[in-house]
Every structure is written in structure tokens, then in C-alpha cells.
Amino acid sequence: MSIRRKIIEYSRGNDLSMFWRLYRLQKKTADGIMHDILTFLLSRSAHRHGGYIGPDAVIKGNLSLPHGLHGIFISRYAQIGNGCWIYQNVTIGEVNRQAPQIGDHCLIGAGAVIIGAVRIGNNVKIGAGAVVNTDLPDGCTVVPQPVRIIERRT
């Protein structure tokens, strides 16, 4: 990749390689001053990219963020499995310090909200704009309500 291309990608905020390096290093570091410094740098980097990943969130394996961290909020208590895809403006939130546990190979569409102590099975697809607050079994697909006409003008 040319230097020009790297500069363009960096300015867009889509290059998360340094962010993931900091994340993995922070997870390997024991509690102490170095852990606190890495947590601070990780939070600043996520803020720069326009999102938030809680310092205690557990992300197993590879997490794919096709649009970068733009608008993504992941609770510090969340657990995300291997091979998941998360699109922009997704919220994985907590209720009373309990957050979702997301299985392996899940796809979460843009603007989806997953909140509370729910378990999302493996190979689940959550459509754009869906609000999930109940457990989902393996292999299912969830979509938001169908659109409806509230008022018709002639």
C-alpha cells in the first residue's frame, strides 16, 4: 500500500490496527500502572475513532468492524465471540451491570441495539435497526418491525 493511501485511510479513521494492538496488549497486562496507562490510551484511541469499547469487555478472536468504530458502543461487561461482524451505530449495552453475551460468527446490522443480560447464540443475524432484549437461539435471524404508513397525504 502506498504512503498516500495509508495517510488517506488513517485520516478516515478506518485503520484500527493500532487500536487492536493496544487492546490485545492491555488484555495481557496485569493490573497496575501499565494496565491503567494502556486503558487510558485505548479509551482515547476509541474516542478518536468515534466509538467506545469498555476496558473490561471480552472479545474472543477476530471482530470485524467494516465501518470502523463509528458510533459503536460496547459495554465493559459484554462478551463477544469469535468471527462477529458489527456495523456502524450499534449499541451493546448493559442493565444493572449485566450485558449481552454474543456467540460466535454473528452479524449485527447498522443501528441495532442489544441490551441487558441476554444471550445471543452462534450464527445469529440481527437486522439493521433491531432492538434485542431477549435471548436468541443459535442460527436465527432477527429483523425490526415492518414499516407502516401512519399518515397518507394525497
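Which side chain meets that of Arg-76 in a salt bridge? In this predicted model, the partner is Asp-56, and the two side chains approach to 2.7 Å, taken from N to O. In general, side chains of opposite charge can pair when their charged atoms come close. The count of such bridges in the structure comes to 1.

The positions of the two residues give this contact its place in the fold.

The structure holds 2 aromatic pairs. One of them joins Tyr-52 and Phe-73, whose ring centres lie 5.2 Å apart; because their planes stand at 20°, the pair counts as stacked. Tyr-52 is in strand β1 and Phe-73 in strand β4, so that this pair, too, links distant parts of the chain, 21 residues apart. Tyr-52 has a relative accessibility of 29% and counts as partly exposed. Phe-73 is also partly exposed, with a relative accessible area of 33%.

Attention may now turn to the sheet. Strands of a sheet pair through backbone hydrogen bonds, either parallel or antiparallel. Here an open sheet of 5 strands runs in the order β3-β6-β9-β12-β14, and the pairing is parallel. At its edges are β3 (63-64) and β14 (141-142), each of which pairs on one side only. The neighbour of β3 is strand β6, residues 84-86, and the two are joined in the parallel sense over 2 bridges. Within this pairing, Leu-63 stands opposite Cys-84 of β6.

A last stop is a residue in a helix. Gln-26 lies in helix α2, which covers residues 17-28. Is Gln-26 buried or exposed? Its relative accessibility is 1%, and because the limit for a buried residue is under 20%, Gln-26 counts as buried. Leaving aside residues up to four places away in sequence, Gln-26 touches His-35, Leu-38, Thr-39, Leu-42 and Pro-55.

Key. Residues numbered from 1 in each chain as written. Predicted model: local features only at pLDDT ≥ 70, side-chain atom pairs only at ≥ 80, totals over all residues. Heavy atoms only, no water. Pairing = 2+ DSSP bridges. Helix = DSSP H or I, 4+ residues; strand = E, 2+ residues; numbered from the N terminus. Salt bridge = Lys/Arg side-chain N within 4 Å of Asp/Glu carboxyl O. Phe/Tyr/Trp six-rings, centres within 6.5 Å; stacked < 30°, edge-to-face > 60°. Buried < 20%, exposed > 50% of the residue type's maximum accessible area, 1.4 Å probe, protein only. Contact = heavy atoms within 4.5 Å.
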